Amino acid sequence: MGFNDLLSKVPSGLLVGFAAVGLFSVSSKVISYIRLLLSLFVLGGKDLRKYGKKGTWAVITGASDGIGKEYAIQLAQKGFNLVLVSRTESKLQTLAKEIEQKYAGSAVKCKVLAMDFSKNDDADYAKFKALVDGLDVGILVNNVGQSHSIPVPFILTPKDEVRDIIAINCIATLRVTQLVAPGMVQRKRGLILTMGSFAGWMPTPLLATYSGSKAFLQHWSTALAGELKGSGVDVELVLSYLVTTAMSKVRKTSAMIPSPRSFVKSVLAKIGRSGGAQSIAYTSTPAWSHALMQWWVENTVGFGSALGVNVNKGLHESIRARALRKAAREAKKQ
Ligand SMILES: NC(=O)c1ccc[n+]([C@@H]2O[C@H](COP(=O)([O-])OP(=O)(O)OC[C@H]3O[C@@H](n4cnc5c(N)ncnc54)[C@H](OP(=O)(O)O)[C@@H]3O)[C@@H](O)[C@H]2O)c1
């Protein structure tokens with residue numbers, strides 16, 4: 001029996017039903033793709049002035065290097081005063097001086113606080129509170145983060161690496177937000193950005209603790225956004241694949257791996273737009289190449305699928321093998 005004969009035996013009502021389901025499924029993908037392209041290339045994000053006039057403060061953690069340093073520079077460019085927090089006092093002082101000189105025309109002011117979030121020290125948080133209390137903080141960027149020094153199976157991960165990742169990525173973000181957000185709610189105005197990662201969106205073998213910490217931030221941030229909706233305080237998790245920083249150890253930019261400058265530019269231009277992050281609310285993947293990759297993965301293999309996890313595992317196994325070979329070569333040289 002040929003295909004046409006088989007088809008003629010199927011009741012016509014059932015065929016119409018199948019066609020309707022097919023049409024619905026294809027058109028929802030097409031609409032989703034159009035939404036993605038509009039979000040990335042056509043529609044703008046919220047105006048940052050919504051969160052405060054010039055001279056309002058922005059607090060940035062992990063501000064002395066990489067993506068955090070770029071948030072500092074670009075927010076200063078937009079006239080925000082800055083509270084810069086990270087580990088190394090000298091790097092913070094140099095950056096603060098650079099920014100105050102560069103934006104002297106708009107009288108941008110910087111305050112710095114050197115603290116090591118891995119220590120989870122109450123005295124440091126007391127200093128942080130003393131510094132931000134009384135400031136009109138319009139923007140908080142929870143940027144500080146640590147990954148594994150190289151990809152490593154969970155059962156071989158050093159205990160202090162596990163502890164530091166959780167203290168820096170999760171606990172610091174929660175404690176800092178509890179110190180800054182109440183003032184924002186009182187003033188009925190604010191933006192809380194938190195750096196997520198593709199490792200938190202796609203479960204990533206050999207970066208299990210980092211992956212889990214960023215997945216934690218995803219749900220925490222979206223839940224907080226739900227709580228604060230209508231209060232005037234916007235909360236957004238920012239997703240990213242690789243960016244050329246010390247953490248990624250990638251130096252050369254490419255279409256898939258932007259510089260911190262172009263990455264942060266896309267974040268600040270697209271506040272409130274989902275970009276590639278259509279499957280979870282109050283989340284944005286603003287870098288165009290990251291967003292396209294996310295859409296295609298979600299709409300083909302699926303982000304939590306065994307296939308996706310296995311591909312990710314192979315990738316990180318080969319990065320680990322290369323890192324171990326490099327370490328062995330360097331050990332031989334000494
Ligand atoms: N780069 C990527 O490819 C990528 C991809 C996805 C998500 N992300 C996320 O983006 C965020 C920024 O990453 P990045 O690549 O810009 O990192 P980075 O270049 O390594 O910079 C990290 C910043 O955080 C500070 N810091 C590190 N450990 C600290 C600690 N224990 N206490 C206080 N400050 C500390 C550093 O300060 P010192 O210089 O003083 O140590 C530095 O200013 C992270 O949350 C990361 O997970 C990055």
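This is a predicted model: local features need pLDDT of at least 70, side-chain atom pairs count only at pLDDT 80 or more; totals for chains, interfaces and linings use all residues.
UniProt, in an unreviewed entry, lists residues 12–43 as "transmembrane region"; its positions follow the numbering used here, feature names are shortened, and annotations may be inferred rather than shown by experiment. Residues are numbered from 1 along each chain as its sequence is written.

Over residues 12–43 the chain is 97% helix and 0% strand, with 43 Å between the end C-alpha atoms. Helices (H or I, at least four residues) and strands (E, at least two) are DSSP runs numbered from the N terminus.

We can turn next to the salt bridges (a side-chain nitrogen of Lys or Arg within 4 Å of a carboxyl oxygen of Asp or Glu). The structure holds 10 of them. One joins the side chains of Arg261 and Glu70, at 4.0 Å from N to O. Because Arg261 belongs to helix 9 (residues 260–269) and Glu70 to helix 3 (residues 66–77), this pair ties together parts 191 residues apart in sequence. Arg261 is exposed, at 57% relative accessible area, whereas Glu70 is buried, at 10%; buried means under 20%, exposed over 50%, and partly exposed in between (1.4 Å probe, protein chains only). Salt bridges also link Lys46, Lys50 and Asp234 in a network.

Thr209, in helix 8 (residues 208–228), is buried, with a relative accessible area of 8%. Beyond its neighbours within four places in sequence, Thr209 is in contact with His148, Phe154, Val162, Ile165 and Ile166, contact meaning heavy atoms within 4.5 Å.

Methods. Side-chain values use heavy atoms; hydrogens and water are left out.
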